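Here are a few friendly notes on the aromatic side chains, for you to read alongside the model.

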Amino acid sequence: MSTLNVGVFQTLALAVISIYLGEYLLKKFPIFRKYCIPAAVVGGSLIAIITTILHSLDLITFNFDYKAMNTFFYNVFFAAMGLSASLNLLKRGGKLVLIFSILAAVLAVLQNVLALFVGDAMGMNPLVALMAGSTPLTGGHGNSASFGPVAESMGGVGAVEVAVAAATFGLVAGCIMGGPIGRRLIEKHGLKASDSEIVTHTDAVQNLVSQKRAHTAFFALLIACGIGQTLFFIFKELMPDVKLPIHVMSMFGGIIVRFVLDARKGDHQALYESIDIVGAIALSVFVSLSIITMKLWQLADLAIPLITILALQLVLIYFFVMFITYRMCGKNYDSAVIAVGHTGFGLGAVPVSMATMTSVCSKYGNSKIAFFIVPLIGGFISNITNAIAITFFLNVAKGMM
């Protein structure tokens, strides 16, 4: 089977094309809009299916050059999230940060309990079964690559392959489930976004069209990313044993830049709107890149017991976010959007959360607090609590052998 190397700009072009393809399919098939499936997910999934078919037929395998640009757009997006965090928003998020941090940790623990219990009942190696728990789901591909080899070294033969395949499964499932869950919560409970947060750009479009403002918005995001990477290096030197994702520091860089801008006199709302637009573009491209480069054929290697565990994980997260996350976070519109975000990073990754939240909010109204809380917990705090949970359950699984 031949391999086709796809260059970085070709990959970017394909990512953009998949976004336009997704928007076209959203218009042609209203069911995607009805259940708030993002255009990047719809179009990107179609591209991923095509590349999977070509690979399965032993015709061609695509080797995409995307990681550097993925990192760039990911960090720009998180910087934009930081810049959207005003002082009032930070104050509002205090209690929710604590509650949602606990909920994210509890879900990770339950995912591992489920994986070990079902795996043991089906006669699986417990270390391998654990790789269908919070490692690939709450943790995503990053934790799969980190903890998969650890599980293998402890006696879990094939743990890496299982973890990566399960992470791909979770990514796809998170993209599909988030929107419908948000729609059900919002319409079932008659929830409304607050008037101040409903996105209406119609009257302000002319004010937003400014070359200087566009430059300032983009440059502010680059400065925020620069500050973030500096903080990342400092943190790495001070605490080398703690793994902290660089995108979280980019968000903190954005918060710092926001404080500086807020300290200046004048109304900066139009500038913040421009920054949000750039952030939305970065998110859309990142999600599209992530989807079109998925290796869906890895899912074919999952055995029946693992498929059973992953199917039950979908049931678990559905009931958890519907009846626990939503209720514990306030039983309001913001908590419904947070539940959507929890579905995204509880099954796949934070970008999935943001894409599905964006899709829901574009239909029903914005939730600034959700867009601050979810990336903070999913991209930072949950990484720490999940790593602790995984380490504990690896030892439990070893003891079960």
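1. A word on terms to begin with: a residue is buried under 20% relative accessible area, exposed over 50%, and partly exposed in between. By that scale Phe323 counts as partly exposed, because its relative accessibility is 37%. Please keep in mind that this is a predicted model.

2. Phe319 falls in the partly exposed class too, with a relative accessible area of 45%. How are the rings of Phe319 and Phe323 arranged? They form a stacked aromatic pair, 5.8 Å centre to centre with 15° between the planes. Both residues belong to helix α13 (residues 304-328), where they are four residues apart, about one turn of the helix.

3. Over the whole structure, the search finds 11 aromatic pairs. One to look at is Phe77 with Phe78: the ring centres are 5.5 Å apart and the planes stand at 80°, so this pair is edge-to-face.

4. Are Phe77 and Phe78 buried or exposed? Phe77 is buried, at a relative accessible area of 3%, and Phe78 is buried as well, at 0% relative accessibility. Ring pairs also join Phe77 and Phe78 with Tyr74 and Phe286 in a cluster.

5. Two arginines deserve a look in your viewer. Arg258 has its charged end over the ring of Tyr272, 3.8 Å from the ring's centre. Arg183 lies over the face of Tyr35, with a distance of 4.9 Å from the ring centre.

Key
Residues are numbered from 1 along each chain as its sequence is written. This is a predicted model: local features need pLDDT of at least 70, side-chain atom pairs count only at pLDDT 80 or more; totals for chains, interfaces and linings use all residues. Side-chain values use heavy atoms; hydrogens and water are left out. Rings of Phe, Tyr and Trp (its six-membered ring) pair if their centres lie within 6.5 Å; planes under 30 degrees apart count as stacked, over 60 as edge-to-face and the rest as tilted. Buried means under 20% relative accessible area, exposed over 50%, partly exposed in between (1.4 Å probe, protein chains only). Helices (H or I, at least four residues) and strands (E, at least two) are DSSP runs, numbered from the N terminus. A charge sits over a ring if NZ of Lys or CZ of Arg is within 6 Å of the ring centre and within 35 degrees of the ring normal.
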